[in-house]
Amino acid sequence: MNSAICPENQGLPAAQGPGASNPIASSRKLWQNMGLMPQRPPLQISVRVSGETTILDLTGEITLFNSPEIRKALITQLREKRVPYLLLNMQAVPYVDSSGVASLVEGLKISRDLKSRFALYGLSKSARTVLELTHLLRIFEVHPTEQEALDAPPPPPFDATAHGGGK
């Protein structure tokens with residue numbers, strides 16, 4: 001069997017046969033099946049309610065491969081269920097990449113558009129560092145513990161013009 005190397009795939013074997021395609025990667029599973037990425041447990045998301053607060057308990061890394069899951073969960077709670085306060089428990093989230101941050105920012109934007117409250121608690125050192133480096137830590141409402149997040153008064157309304165978002 002000829003195992004030609006396809007240069008545009010950076011040394012990965014080229015597909016064989018007529019009409020064969022040569023996907024580089026359309027998902028984490030493909031990379032894992034090729035042995036190029038270690039297996040990691042999937043992101044787990046559970047929902048619970050405490051009074052008027054909906055809490056999403058997240059377990060696992062928030063990365064390119066599972067950020068669509070967190071995005072869908074945020075949209076469901078904010079746009080479809082119209083929860084007044086969405087709190088993300090990030091105590092079991094060891095790492096957030098840029099795509100995960102983008103999903104969190106989208107959730108924050110949706111919550112502001114709908115006048116809902118959106119907060120994070122229990123950030124790992126790594127997640128906190130990512131938000132600090134992107135200058136987003138001061139944009140998000142962040143609390144050390146769930147109880148502090150539940151007890152904290154809502155922050156003043158967000159003023160987009162004060163943050164360069166207005167006309």
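His135 lies in the loop that links helix H4 (125–133) to strand S5 (141–143). Its phi is positive, about 60°, although His135 is not a glycine. Most residues other than glycine have a negative phi. Helices (H or I, at least four residues) and strands (E, at least two) are DSSP runs, numbered from the N terminus.

The model is predicted: local features need pLDDT of at least 70, side-chain atom pairs count only at pLDDT 80 or more, and totals for chains, interfaces and linings use all residues. Residues are numbered from 1 along each chain as its sequence is written, and side-chain values use heavy atoms, with hydrogens and water left out.

A positive phi is also found at Arg82, near 50°, and this residue is likewise not a glycine. Arg82 sits in the loop between helix H2 (67–80) and strand S3 (85–92). Arg82 is exposed, at a relative accessible area of 53%. Exposed means over 50% relative accessible area, buried under 20%, and partly exposed in between (1.4 Å probe, protein chains only).

The chain as a whole holds 5 helices and 5 strands. Read from the N terminus, the order of elements is α-β-β-α-β-α-β-α-β-α. Of the 167 residues in the chain, 38% are buried. The chain exposes about 10100 Å², and carbon and sulfur atoms supply 56% of this area. Accessible areas come from the Shrake-Rupley method with a 1.4 Å probe; for residues, only the protein chains shown count as cover.

Contacts (heavy atoms within 4.5 Å) were also examined. Among those between residues at least 6 apart in sequence, 58% join residues at least 24 apart.
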